[in-house]
Amino acid sequence: MLKKKILTGDRPTGKLHLGHYLGTIQNRVALQDKYDCSILIADLHVLTTKPQKEHILASRNHIKDMVVDYLACGIDPEKSVIYLQSAIPAVCEMSLYFQMLVSLNRLTGLPSLKEMARSAHIDEESIPLGLVAYPVLQTADILMSKADLVPVGKDNEAHVELARLIARRFNQYYGEFFNIPEVVVGQCPTLVGTDGLNKMSKSLNNTIFLSDSAADVAKKVKKMYTDPNRVHAHIPGEVEKNPVFIYHRWFNSNQEEVNDLKERYQKGSVTDVEVKDKLTVALNNFLDPIREKRNQVLSRKGYVEEVIYEGTLKMSEIAQENIKQMRSVMGISGTWNKISRVARAKS
């Protein structure tokens, strides 16, 4: 019995952080034993907000770091295909066809569009077409592999719904060709950043990276936002929306300790320093195995490049077959085939 297919991925804009882990990576690790998984290195998506050459070259340097993070977290290249988007030209052709199946109003109405523009410091009057069509290219990524499931963070859930709409419309016009993908949202859809104000994001400099050293983690935790109304340790504090306790919830395996800290915090009988110190220990305990695996991966010269190369070759074969079939059901390939037959017969 064939396994169902999963497609997911990330833009190579830097190293991955704890928000990536909770939002998608832990899902990928858990699902790769049960499903046929493909993980996209979405370097073409970088162009939607950063088309300048220096950003393209920077993303090239980020690709290895990102894949090392994948492998260090437990993504197994024997179970998951890791591939480079820009090496699959069929995805651009497929994206063009899909642009004909969705309205501009639907794309500009996506809430993520303005958020991405703000994060990239692009004003609404200057949003490029490529950014508006970003979700259509995502749809091509998803449908090119004929994915059944798409694990994403909460902010990309609407993009999978767009892929579902486009798949249904394509099937309506050209016959049943694409299956309709389902979304899988991580158990913690979004993780607040260390600033306590926004979701964790590299562009906002409020991250704890999976590759951070123990000293880096301690430094970042020390500066973390807590309860602003708690100016003295004897004042009872808020725990439910407190980022320090949110992190304790997800990364501290000693829940007895967490419950004790919560109880004392709400009574005003524990300092923020103690709560943060214990969070630092918990985070480093969580990250230590990832750091060890990361060092092992980096010690194997050329291994990361080999993983990407082999995965991209596999996806290229899938993409070429799917785009060939897609042209056929649309009737596009028939035009050239007829012209070729007539021309060859005349010669």
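1. Contacts of Arg291. In this predicted model, Arg291 touches Asp212, Ser213, Ala214, Val217 and Asn284, leaving aside residues up to four places away in sequence. Arg291 belongs to helix α13. One partner, Asn284, also makes a polar contact with Arg291. That contact joins the two side chains at 2.6 Å.

2. Is Arg291 buried or exposed? Its relative accessibility is 15%. Buried means under 20%, so Arg291 counts as buried.

3. Helix α11. This helix covers residues 243-251. Seven of its nine residues are buried, so α11 is largely enclosed by the rest of the structure. Which residues of α11 are buried? They are Pro243, Val244, Phe245, Tyr247, His248, Trp250 and Phe251.

4. The cover over α11. What covers the buried residues of α11? The cover includes three helices: α1 (18-31), α12 (255-267) and α13 (272-299). Helix α13 is also where Arg291 is found.

5. The start of α11. Look here at Asn242. A side-chain oxygen of Asn242 comes to within 3.1 Å of the backbone nitrogen of Val244. Val244 is itself one of the buried residues of α11.

6. Helices α4 and α14. Two packed helices are described by the angle between their axes and the distance between the axes. Helix α4 spans residues 90-99, and helix α14 spans residues 303-330. Their axes come within 10 Å and cross at roughly 30°. Angles under 35 degrees count as roughly parallel, so α4 is roughly parallel to α14. The crossing of α4 past α14 is left-handed.

7. The residues between α4 and α14. From α4, the contact uses Ala90, Glu93, Met94, Tyr97 and Phe98. From α14, it uses Ala319, Ile323, Met326, Arg327 and Met330. How many of the residues in this contact are nonpolar, polar and charged? Eight are nonpolar, none is polar and two are charged.

8. The whole protein. How many helices and strands are there? The protein has 15 helices and five strands. Its C-alpha atoms fill a box of roughly 90 × 45 × 45 Å along the principal axes. Of the 347 residues, 48% are buried.

Notes: Residues are numbered from 1 along each chain as its sequence is written. This is a predicted model: local features need pLDDT of at least 70, side-chain atom pairs count only at pLDDT 80 or more; totals for chains, interfaces and linings use all residues. Side-chain values use heavy atoms; hydrogens and water are left out. Axes are lines fitted to C-alpha atoms, for helices over the stretch in contact, and angles run from 0 to 180 degrees between N-to-C directions. Helices (H or I, at least four residues) and strands (E, at least two) are DSSP runs, numbered from the N terminus. Angles under 35 degrees count as roughly parallel, over 145 as roughly antiparallel, 65 to 115 as roughly perpendicular and the rest as oblique. A crossing is left-handed if the near helix is turned anticlockwise from the far one by less than a right angle, and right-handed if clockwise. Contact means heavy atoms within 4.5 Å. Ala, Val, Leu, Ile, Met, Phe, Trp, Tyr, Cys and Pro count as nonpolar, Asp, Glu, Lys and Arg as charged, and the others, Gly among them, as polar. Buried means under 20% relative accessible area, exposed over 50%, partly exposed in between (1.4 Å probe, protein chains only). A polar contact is a pair of N or O atoms within 3.5 Å; within protein, one must be able to donate a hydrogen and the other to accept it, and residues adjacent in sequence count only if both atoms are side-chain atoms.
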